[in-house]
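Hi,

Here is the structure I promised to pass on to you.

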Amino acid sequence: MEKKVGKCLLDNWVEERAVADLADDASQEQIQRDGHRGIFSINLESKMEDITSLKSAYTPPVAPGVRERGIRGELLAKLITQRISEEVHAEFNPVTPTTDFSSTTHRDFTGGGFVPLPPTTTKNHDYKCDQAITFWSENHQHIQRTTAVRTMDSPFKRCAQFSTPITQQLNDQ
């Protein structure tokens, strides 16, 4: 037991004794990497076999030399298989409907036949002098908490009547 070979065999006296004769002048690193020479075969020049015992014992199955099915039966089986695969494909992958990318405005308000025409003028307007027509100017009589309207052409002009004493207002009328 003088020769101890490798750390993996420490305290395993059966294996240490078995490989003690094989420990030649190789370094410890080489033995760890390559192993002991001559454990599997005494003939060091021999090559390993390429084929396993399972591969050498296996024989592939041999088909019979005659046709097992007729040509018409094979074609019918292919046709049925193709039809079923198309049905299954159509069931699992339905055709996506075409998406309508038109907006609500485009769908609802762009009907055919409408020709936009500017309205006819009833009188000549001067944009520099005329009062603008807005929602508030049209509905000024319904607005609460506003001053009294004196002239219809300018309903929102300043009016001192709101802060004038009642006695003075009665004298003015």
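Below is what I found, starting with the whole chain and moving on to single residues.

Before anything else, keep in mind that this is a predicted model. The average pLDDT over the chain is 79, and 83% of the residues score at least 70. Which elements sit at the two ends of the confidence range? Helix H1 (residues 13-20) has the lowest mean pLDDT, at 72, while H4 has the highest, at 96.

On to the fold. How much of the chain is buried? Buried residues account for 7% of the 173 residues. The chain exposes about 17,400 Å², with carbon and sulfur atoms supplying 56% of that area. As for contacts between residues at least 6 apart in sequence, 14% of them join residues at least 24 apart.

Now the charged side chains. How many salt bridges are there? The count comes to 2.

- Glu74 and Arg67: their side chains meet in a salt bridge, with 3.2 Å from N to O. Glu74 counts as partly exposed because its relative accessibility is 32%, and Arg67 is exposed, at 52%.
- Arg107 and Asp100: here the closest N and O atoms of the salt bridge are 3.7 Å apart. Arg107 is partly exposed, with a relative accessible area of 48%, whereas Asp100 is exposed, at 53%. The line between those two classes is drawn at 50%, which is why Arg107 and Asp100 get separate labels.

Next, zoom in on the nonpolar side chains. Leu76, Leu79, Ile80, Ile84, Val88 and Phe92 form a nonpolar patch on the surface, and together they have about 560 Å² of accessible area. Take Val88 as one of them: you'll find Val88 in helix H4, which covers residues 71-92. Is Val88 buried or exposed, or something in between? Val88 has a relative accessible area of 36%, so it counts as partly exposed. Remember that H4 is also the helix with the highest mean pLDDT.

Last, the aromatic rings. A pair of rings like this is described by the distance of the centres and the angle of the planes. The count here comes to 1 aromatic pair. Phe135 and Trp136 make up that pair: the centres are 5.0 Å apart and the planes are at 80 degrees, which makes the arrangement edge-to-face. Both Phe135 and Trp136 are exposed.

Happy browsing!

Terms used
Residues numbered from 1 in each chain as written. Heavy atoms only, no water. Salt bridge = Lys/Arg side-chain N within 4 Å of Asp/Glu carboxyl O. Buried < 20%, exposed > 50% of the residue type's maximum accessible area, 1.4 Å probe, protein only. Patch = residues over 30% accessible without salt bridge, like charges linked within 9 Å, V, L, I, M, F, W, Y side chains within 5 Å. Areas by Shrake-Rupley, 256 points an atom, 1.4 Å probe, with all protein chains shown as cover. Helix = DSSP H or I, 4+ residues; strand = E, 2+ residues; numbered from the N terminus. Phe/Tyr/Trp six-rings, centres within 6.5 Å; stacked < 30°, edge-to-face > 60°. Contact = heavy atoms within 4.5 Å. pLDDT = per-residue confidence, 0-100.
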